[in-house]
Amino acid sequence: MSTAYDLTGTAAQAATSAATSAAAISGAGSAGAATSGAGADWAAADPYDDALRAGRGPLFLRRADGWLLPLEVERWCARADPADLAILDRCEGTVLDVGCGPGRLVAELAARGRAVLGIDVSAAAVAATLGLGGQALRRSVFDPLPGEGRWGTVLLIDGNVGIGGDPLALLRRTAALLVPGGLLIAETLPVDVDERAEVEVVGLPQAPGTGRAFPWARLGTPALLGYAGRQGWRTAGQWTAGGRSFVALRSRSASSSAEPPKSTAVISSQRSRYPSAERPVADR
């Protein structure tokens, strides 16, 4: 059973302030035109954008050696399913959905009256999220974002824990976005894996790629917990639903020792919005 949480006191005030900032900035950039830094070159004419507009695959991540990871475009473009709803039931305060894709989680949270913002480097993803009534910005997680240090919850779902191919850098950046003691909910692979690789997105196994490979990571729960423990995160929950695996982590509180330094890296960015599939298919 999912557990619902609420922020109280000063944390709630900070989260409300973050929501106000997010709403103002997302309104100004609602057309998704403000893409900064890494990701802007990648976002144009991409197979991922085409798949989101069509609402279906096939779509894969492909390594240079031909290894393929199928991507679940149809699920991303559908409404939030029971596994998704179990995630959302755990959210606290204002919510930042990193790599929001076509916006099913943002739309569901908005329908619940939750202050929520999605970010994605894909123009098609931002447009789809706005079309569902959610708020979204075309940004990388490593770009400047509204409400930094004031979000109650950050989501890294559908494989987005792999963004940038550097789990430690992504965890540092996430901690900088959250209120002290804030919540990170991440989806992990249901197998014990800790991999990093350069990949590109293709519409068919033998299709030409974009020519723009980017770093990506694949993490199981033990690997993510190991990285998180090195940075002072504490485990707030682990669960499985619908064949998917999830971890909730809590950042250091204000009373803890010094916060980890904010990452200054812009790691190929969240051009890596992709995978959520649980295992690769055979080379073809």
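This is a predicted model: local features need pLDDT of at least 70, side-chain atom pairs count only at pLDDT 80 or more; totals for chains, interfaces and linings use all residues.
1. Overall make-up. The protein chain has nine helices and 11 strands. Of its 284 residues, 55% are buried.

2. Contacts along the chain. Take the contacts in the protein chain with a separation of 6 or more: 73% of them are between residues 24 or more positions apart.

3. The largest pocket. This pocket holds about 200 Å³ of space. It is lined by 13 residues, and the closest to its centre are R79, A80, R104, A107 and L132.

4. Which helix gives the most to the lining of the largest pocket? The answer is α6, with four residues. Helix α4, residues 73-77, also supplies at least two. By class, the lining has 10 nonpolar residues, three charged ones and no polar ones.

5. Cavities. The structure contains three cavities of 30 Å³ or more. The second largest cavity has about 70 Å³ of space. Its lining includes the tryptophans W67 and W216 and the arginines R63, R196 and R218. L61, L69, E195, A197 and V199 line this cavity as well.

6. Three strands each supply at least two residues of the lining of the second largest cavity: β1 (60-63), β8 (194-202) and β9 (214-219). Strand β8 gives the most, with four residues. The lining divides into six nonpolar and four charged residues, with no polar ones.

7. L105, a residue of helix α6. The helix that gives the most to the pocket lining runs over residues 104-111 and contains L105. Is L105 buried or exposed? Its relative accessible area is 2%, and the cut-off for buried is under 20%, so L105 counts as buried.

8. The surroundings of L105. Neighbours within four places in sequence aside, L105 is in contact with D84, L88, D97, L155 and I157. For one of these, D84, the spacing is also known: D84 and L105 are 21 residues apart in sequence, while their C-alpha atoms are 7.3 Å apart in space. To check this on the structure, find L105 in α6 and look for D84 among its contacts.

Note on methods:
Residues are numbered from 1 along each chain as its sequence is written. Side-chain values use heavy atoms; hydrogens and water are left out. Buried means under 20% relative accessible area, exposed over 50%, partly exposed in between (1.4 Å probe, protein chains only). Contact means heavy atoms within 4.5 Å. On a 1 Å grid over the protein atoms alone, a cavity is a set of points where a 1.4 Å probe fits but cannot get out, and a pocket is an open set with protein on both sides within 12 Å along at least five of seven lines; lining residues have an atom within 4 Å of a point. Grid points are joined across faces, edges and corners, and a volume is the space filled by probe spheres set on the points. Ala, Val, Leu, Ile, Met, Phe, Trp, Tyr, Cys and Pro count as nonpolar, Asp, Glu, Lys and Arg as charged, and the others, Gly among them, as polar.
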